[in-house]
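Dear colleague,

Please find below the structure that I am handing over to you. My notes on it follow directly after.

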Amino acid sequence: MSVLTRDEAQTRAQLLDVQHYSVDLDLTTGDKTFESTSLVRFTARTAGDTFVELKPETLHSALLDGETLDVTTLEGNRLPLHLSEGEHTLRISTTMRYSRTGEGMHRFTDPSDGEAYVYTQLFMEDVQRVFAAFDQPDLKAVFELTVTAPDGWTVLANGITAQQPDGRWRSAPTPPLSTYFVCVAAGPWHSVRTEHAGLPFGIHCRRSLAPHLDADADEILAVTKACYDRFHEKFDEPYPFDSYDQAFVPEFNAGAMENPGLVTFRDEYVFRSAVTVTERQTRAMVIAHEMAHMWFGDLVTLRWWDDIWLNESFAEYMAYQTVNEACSDLFPDTWVEFGVARKAWGYEADQRPSTHPVAPHPEAVPDTASALLNFDGISYAKGASALRQLVAWLGEKDFLAGINIHFKRHKFGNATLADFIDNLAAATDRDVHAWADQWLRTTGVDTLTPALTGEGPRWQLAVDRAGSRPHRIAAGLYDRDPSGELVLRERRELDVPQTEPAELTGPRPALVVLNDQDLTYAKLRFDETSAESALRGISRIPDALTRAVIWNAMRDMVRDGDLLPADYLEVALAHLTEETELALVQGVLGFARTQIADRYVTEEARPAALSTIRQIARALLRRTEDGEAPGLRLTAVRALIDSATTPDQITSWLDEDTVHGGPELDPELRWRILARLAVLGATDEPTIAAELERDPSATGQEGAARCRASLPTPEAKAAAWSALFDTDELSNYLFTATAQGFWQPEQAELVRAYVLRFYPAAIALGARRGAAMAEAAGGYAFPSYAIDQESLTLGEHHLTTDAMIPALRRKLVDQLDDLRRALKTREA
């Protein structure tokens, strides 16, 4: 299959003006394939040769202006077209294959009730798996869809759908859309419908999840409506589509997809087990993120994939800011979670060899395969952080004015970075072009360190910067009161680099926190006095966002070898037990468990690390015995399960179906316990089968696959490996679950022989099953617990092969860099 190059896209955009697609899909022809016909109306500005893209199971016919084309000329995914100047119609009929990898038209049969569902994910190049199209983002057109579906199904699409007298479903014509935004979701959906601001709103899920969606419908719709109203206060352009549906679909590869008028979400966001308020906040953020895309991406779309940040960075920033403003009664401070979770994702991505600018230079994204690699922590978290810094520097009024100019000038069209910067510049006197060059065209993370000089009542605060970007920050100056609390004296706004040090009066601060309130994107270090205060007194700081900044700094120090992992754990033991902000508890415990205990400490030190994590979790359990903080208690229970080194306590919980003192076990906790028991060799196949009979849902199927792959026997590992790499029968989710179970730190010797087998197997899988499964293999099936020089050398050797597809290569580059860092940390 040929990937589309930037040059080819520019040439085709100069040649064609595409007006309209009529797409007819027949979903009643079996569970393997479906029928697809597309009728495209377009104009050739001059005579010329071009091509239309499709990836059919069978190409039945192609007619250009009524004349039959030779279907044997289809080469890979391209059917050549020889055009005269003027208007044309192209009609292509195919049989297409359903997917089980979350790409194209994905088909899923619910094991709970046998009902089938299909939905499309047409991102980048996957529209070609569903219908023929001129597949590039700047050839927008109007779409009308007709769908033949089995009896009892409902069909959802980008526009309002209605069932016709002949039984087929027809969607209302859309405004001009890029091809990758077209969406169909069909099946016996359970739906909750309402109306808001004169538009139909709906939320949908498969029938087996109906009770869980109904339980959360009020919250989901309240968040949706609040964000919708807030966006209309910010943006001059009204919501541009005829309805707003949100479908929670099975086995979805991403968190969600911003299809205009029909957003698709992974249906884990329909919570079937207990979750924390932070997890509910994450769902609210994703709802807001996808709604922001209705303007950033859907109304105004990038011209080519080098400007993906125009979609993702803005949606990410707007989501956190808007939930913080519009849903503060439910989620009082979303930026804490952003700082401790999302921002860390950006920092890590930006320090790897695969880093790239937020806005890459055009030559760095020559084709769609390279573009796919940039959907990462840089395009999302770093880009959002850069925008937050831009707002701090520019002011929100001018920022929103520039955005609204951008929407007005380019609505229903396409735009570039240059367009956006010009539109911002029209709303301010500041030099946003220079800002963009310094922030969007560069890579890496600056490091800021305070330097205090002077004595007595007069001090000078200088900021040492390792890096090149300008920063507008707040420096928090804290004094220690007689009770030991760290009390804010003042927040001093500073521009870095400084023209001269800031003058301070009064006693020397006990603690100086640069980037207090987390308004810029930079790693932080402390002067000697502040480091002592931070490490010994972080729980004595009243503001959760300040604590998040300090915890992030300590995380970076561990990763950079400036703070020993054991010292980080000691700080966590001393202070996390008093922490009241759930996002911080989850973030610190997650880093401690998955990075420090599993990767950064040596095998000999790992039991002590796990013991410290259990001590923290037990202390949190004692704090929550009164039932006042159920989310904190649930977090502690999860940590105790995941860090168990002996089976007795968690076995008793499983047998009694409750944690002593609560909570009662729900399916998520039961599968979590069983997975840990499998790792410890304290359960067996009959017990896993019995649990699956108790919970035969899709989540149960994944839980069973994870448990079976975790069993510490040669037979279990051989069966799991075969399922992963010797056949292509596993869906994307079952593949991930099996891979998650396979590699365990406790089983390093058992699976050592598979380390050598991984690279050839993953390379072959990527070639067979494509980018989504290659990413799953590189992400979840990678031998991340084989932390030794031999494993690193082996991986570096395989990176030299030309047979590896780009999506897998990028994953392995990142994994090997993480392995290199873990080795360095262990040596320290």
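Leaving aside its neighbours within four places in sequence, with which residues is Thr-546 in contact? Before the answer, two remarks on the source are in order. This is a predicted model, in which local features need pLDDT of at least 70 and side-chain atom pairs count only at pLDDT 80 or more, while totals for chains, interfaces and linings use all residues. Residues are numbered from 1 along each chain as its sequence is written, and side-chain values use heavy atoms, with hydrogens and water left out.

Buried residues in helices

With neighbours within four places in sequence set aside, Thr-546 is in contact (heavy atoms within 4.5 Å) with Tyr-478, Arg-491, Val-513, Asp-516, Gln-517 and Ile-541. Thr-546 belongs to helix H12, residues 544-559; helices here are DSSP runs (H or I, at least four residues), numbered from the N terminus. Thr-546 counts as buried because its relative accessibility is 0%. The term buried stands for under 20% relative accessible area, exposed for over 50% and partly exposed for values in between, with a 1.4 Å probe and protein chains only.

Gly-795, in helix H25 (residues 789-798), is likewise buried, at a relative accessible area of 1%. Apart from its neighbours within four places in sequence, Gly-795 is in contact with Tyr-759 and Leu-816. Its C-alpha atom is separated by 39 Å from that of Ala-690, which is 105 residues apart along the chain.

Helix packing

Axes are lines fitted to C-alpha atoms, for helices over the stretch in contact, and angles run from 0 to 180 degrees between N-to-C directions. Angles under 35 degrees count as roughly parallel, over 145 as roughly antiparallel, 65 to 115 as roughly perpendicular and the rest as oblique. A crossing is left-handed if the near helix is turned anticlockwise from the far one by less than a right angle, and right-handed if clockwise.

Helix H4 (residues 309-326) packs against helix H8 (residues 396-410) at about 130 degrees, with axes 15 Å apart; the two are therefore oblique to each other, and their crossing is left-handed. Here Phe-314, Tyr-317, Met-318, Gln-321 and Glu-325 of H4 meet Glu-396, Phe-399, Leu-400 and Ile-403 of H8.

Helices H18 (residues 667-679) and H20 (residues 698-710) pack at about 15 degrees, with axes 8 Å apart. They are therefore roughly parallel, and the crossing is right-handed. Residues of H18 including Trp-671 and Leu-674 meet residues of H20, among them Gly-700 and Gly-703.

Aromatic rings

A search of the whole structure finds 52 aromatic pairs. Rings of Phe, Tyr and Trp (its six-membered ring) pair if their centres lie within 6.5 Å; planes under 30 degrees apart count as stacked, over 60 as edge-to-face and the rest as tilted. One of the pairs is Phe-231 with Phe-235, which is stacked because the ring centres are 5.5 Å apart and the planes lie at 10 degrees. Both Phe-231 and Phe-235 are buried. Phe-742 and Tyr-754 form an edge-to-face pair, 5.1 Å centre to centre with 85 degrees between the planes. This pair links distant parts of the chain, with Phe-742 in helix H22 (residues 732-742) and Tyr-754 in helix H23 (residues 752-769), 12 residues apart. Phe-742 and Tyr-754 are both buried.

Yours sincerely
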